[in-house]
Amino acid sequence: MRHAKHDVLTDRAFGLLLGGLRRRLGWTQEQLGVRWGKSTPTIKRIEAGRSQPDLGALHQLAKLLGGTTSDLVALTEALAADLASEAEKSRVAHGAFPGLDEIPIDPGRLPDAVNGWLARLEWSP
């Protein structure tokens, strides 16, 4: 069983990642929902870190984005680890939770396949 704090960070990290990828592709939440077969409120909950897709939906999303489920998991895990560190710094400094653009992710820590997939989306962490 995962620790509750880890769950919150992972959900938040995935939400930030999904929102960042969606915006990079120029899609609205509604457009992503139509393409993915999810409602706009579901997309909003996921991006807000209040929900996560099941494994089947995650696989569908990865295919839609031109990557693999492993790509999404690896990037989410890297982002969650960095989010934990940055969240503490931000909370101390500003009393706020950082946004995706404020969280540095070292591409050297990501598998080459993930970096290649992100490059195809013209998005670098």
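A residue counts as buried under 20% relative accessible area, as exposed over 50%, and as partly exposed in between (1.4 Å probe, protein chains only). The model here is predicted, so local features need pLDDT of at least 70 and side-chain atom pairs count only at pLDDT 80 or more, while totals for chains, interfaces and linings use all residues. Residues are numbered from 1 along each chain as its sequence is written, and side-chain values use heavy atoms, with hydrogens and water left out.

Take Glu47 to begin with. Glu47 sits in helix H3 (residues 40–47); helices are DSSP runs of H or I, at least four residues, numbered from the N terminus. With a relative accessible area of 11%, Glu47 is buried. Its side chain makes a polar contact with that of Gln29 at 2.8 Å.

Gln29 belongs to the buried set of helix H2 (residues 29–36), together with Leu32, Gly33 and Trp36. Looking down the H2 axis, these buried residues fall within an arc of 100°, so they line one face of the helix. Glu30 and Val34 are exposed on the face turned away from that buried side. Just past H2, Gly37 has a positive phi of about 80°.

How do H2 and H3 meet? Gln29, Glu30, Leu32, Gly33 and Trp36 in H2 are in contact (heavy atoms within 4.5 Å) with Thr40, Ile43, Lys44, Ile46 and Glu47 in H3. The axes come within 8 Å and cross at roughly 110°, and H2 and H3 are therefore roughly perpendicular to each other, a term for angles of 65 to 115 degrees.

Terms used: Helix = DSSP H or I, 4+ residues; strand = E, 2+ residues; numbered from the N terminus. Arc of directions from axis to C-beta. Polar contact = N/O pair within 3.5 Å; in protein donor to acceptor, adjacent residues only side chain to side chain. Axes fitted to C-alpha atoms, helices over the stretch in contact; angles between N-to-C directions. Parallel < 35°, antiparallel > 145°, perpendicular 65-115°, else oblique.
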